[in-house]
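Colleague: Please go through the two chains with me, one value at a time. Show the sequence and structure before we start.

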Amino acid sequence: MTMPAPALQASDLACRRGDRVLFAGLSLDLQAGEALQLAGANGIGKSSLMRILGGLALPYAGSVERTGTVGLVDERPALDPAAPLGRSLTFWASIDGPLPEGALARLGLARLTDVPVRYLSTGQKKRAALARLLGQRAAIWLLDEPLNGLDTAACALVEQLVGEHCEGGGIAVIASHQTFTLPALKRLDMAEFAR
Amino acid sequence: MIRALWAILWRDLRLLLLGSAGGGGVVLPILFFLAVAIIFPFAVGPDPVLLARVGGGVIWLAALLAAILPLDRLIEPDRELGLFDQWALRGIAEEWIIAVRVLAHWLSFAPALMLAALPAAALLGLDGRVIAIVELGLLAGTPGLAAVGVMVAAITAGLKGGAALAGLLVIPLCVPILIFGAGALSIGGTSGIALTGAVSLVLVALAPFAGAAALRAGR
């Protein structure tokens, strides 16, 4: 059975937070292999848009259509703080299937598997979340500030991982203030849709 | 799907039994339960006739209080960690997650509580017949207590002062279990236990849907 090519379409999205409409009239269309960077000031609704795209939140107006599974990395690592990193990742592996070969070494986590997650630094937790994402093998990546807390080498690695993901026919949406260098990276300036 | 639910059940059980970074585990609620049974004779006096008459009810009340203790650890830490979002992205329905958590919560406290009820009953001087009714009642009633606990924990997750509110919400919902469970002692028959089980089953059936709706609404 072949998987249908992933796609992510949103039409005329609006998002409301409390009494305030953050953005309206936002549409996007991503096909297999495409990556999109969301840009805009703090509080403009990038994270809210991510959650709407992932189906975790309902838009105030408009609709989202997804083909393919969704993986999300945000500021919460979703790994048990008290458990050693290895066991936390094994938990996700028992749901998603095993990590790709060499993923831990590549993310610089191979020597940290015995360390409880709560003793990991911000950057190490982010790497661990990326390992979880790799194990999930999702077609659509939603990365909310994936570079926060990462050193220069790790930032380059994330760009590389996203590049490989898109070359393999995946879709990535990245919300980041840092410049993200990637061939064929689209940019969406959310200020255009702000209210 | 089944494999994922097993993994989640094992994880929940391990966290609830052994505790997490936030503290806890099953030991503290059980010690608390025994402590309540121990201090009760100090409060009402050591009259063995009186203790034997009200002792069963005391065990029920102590069990209810012990079941309330871990409420703030049932849902809120996982919500904060983003685990529920990750499960939702993988298409695992919240109803299943909550049902698994009710089971894990019950497994983590009910067997230990029923064991601890034996020394507590001895401390209160209950006779064998009463102990049997208390144990059967606990077996029938604790699934309901677990269901109410998880349901209320899901409803109050993310609220400021949610822990205090959760305790307040759980008590009225547990009243039917307490009435029938402790009531079985004065009737001395199985009808009370059967009603306790019935109430328990209704609550267990309700909890996944109410809890899942609460999780989705709080997202």
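**Surface, fold and interface**

Colleague: Which pLDDT do side-chain atom pairs need in order to count?

Modeller: Residues are numbered from 1 along each chain as its sequence is written, chains are lettered from A and ligands numbered from 1 in the order in which they are written, and side-chain values use heavy atoms, with hydrogens and water left out. This is a predicted model: totals for chains, interfaces and linings use all residues, local features need pLDDT of at least 70, and side-chain atom pairs count only at pLDDT 80 or more.

Colleague: How many helices does chain B have?

Modeller: Helices (H or I, at least four residues) and strands (E, at least two) are DSSP runs numbered from the N terminus. Along the sequence, chain B reads α-α-α-α-α-α-α-α-α-α. With 0 strands, its count of helices is 10.

Colleague: What radius of gyration does chain B have?

Modeller: The radius is taken over C-alpha atoms, and the globule rule is 2.2 Å times the number of residues to the power 0.38. The C-alpha atoms of chain B fill a box of roughly 60 × 35 × 30 Å along the principal axes. For 219 residues the rule gives 17 Å, and chain B comes close to it, so it is as compact as a globular protein of that length, with a radius of gyration of 18 Å.

Colleague: What radius of gyration does chain A have, given its strands and helices?

Modeller: Chain A has 5 helices and 8 strands, in the order β-β-β-α-β-β-α-α-α-β-α-β-β. The globule rule gives 16 Å for its 195 residues, and chain A is close to that, so it is as compact as a globular protein of that length, at 17 Å.

Colleague: How many residues of chain A are in contact with chain B?

Modeller: Contact means heavy atoms within 4.5 Å. On the chain B side, 22 residues take part, and on the chain A side the number is 23.

Colleague: Is Arg101(B) buried or exposed?

Modeller: Arg101(B) sits in helix α7 (residues 94-124) of chain B. Leaving aside neighbours within four places in sequence, its contacts include Asp12(B), Asp78(B) and Trp87(B). Buried means under 20% relative accessible area and exposed over 50%, with partly exposed in between (1.4 Å probe, protein chains only). Because its relative accessible area is 3%, Arg101(B) is buried.

Colleague: How far apart are the C-alpha atoms of Ile68(B) and Gly167(B)?

Modeller: Ile68(B) belongs to helix α3 (residues 48-68) of chain B and, at 15% relative accessibility, counts as buried. Leaving aside neighbours within four places in sequence, it is in contact with Gly167(B), Val170(B) and Ile171(B). Ile68(B) and Gly167(B) are 99 residues apart along the chain, yet their C-alpha atoms are separated by 6.3 Å.

Colleague: What is the phi of Ala78(A)?

Modeller: Ala78(A) is in the loop between β5 (70-73) and α2 (85-96) of chain A, and its relative accessibility of 1% makes it buried. Although it is not a glycine, its phi is positive, at about 55°.

Colleague: What separates the C-alpha atoms of Ser121(A) and Asn42(A)?

Modeller: Ser121(A) lies in the loop between α3 (103-106) and α4 (122-136) of chain A and is partly exposed, at 37% relative accessibility. Along the chain, Ser121(A) and Asn42(A) are 79 residues apart, and the separation of their C-alpha atoms is 24 Å.
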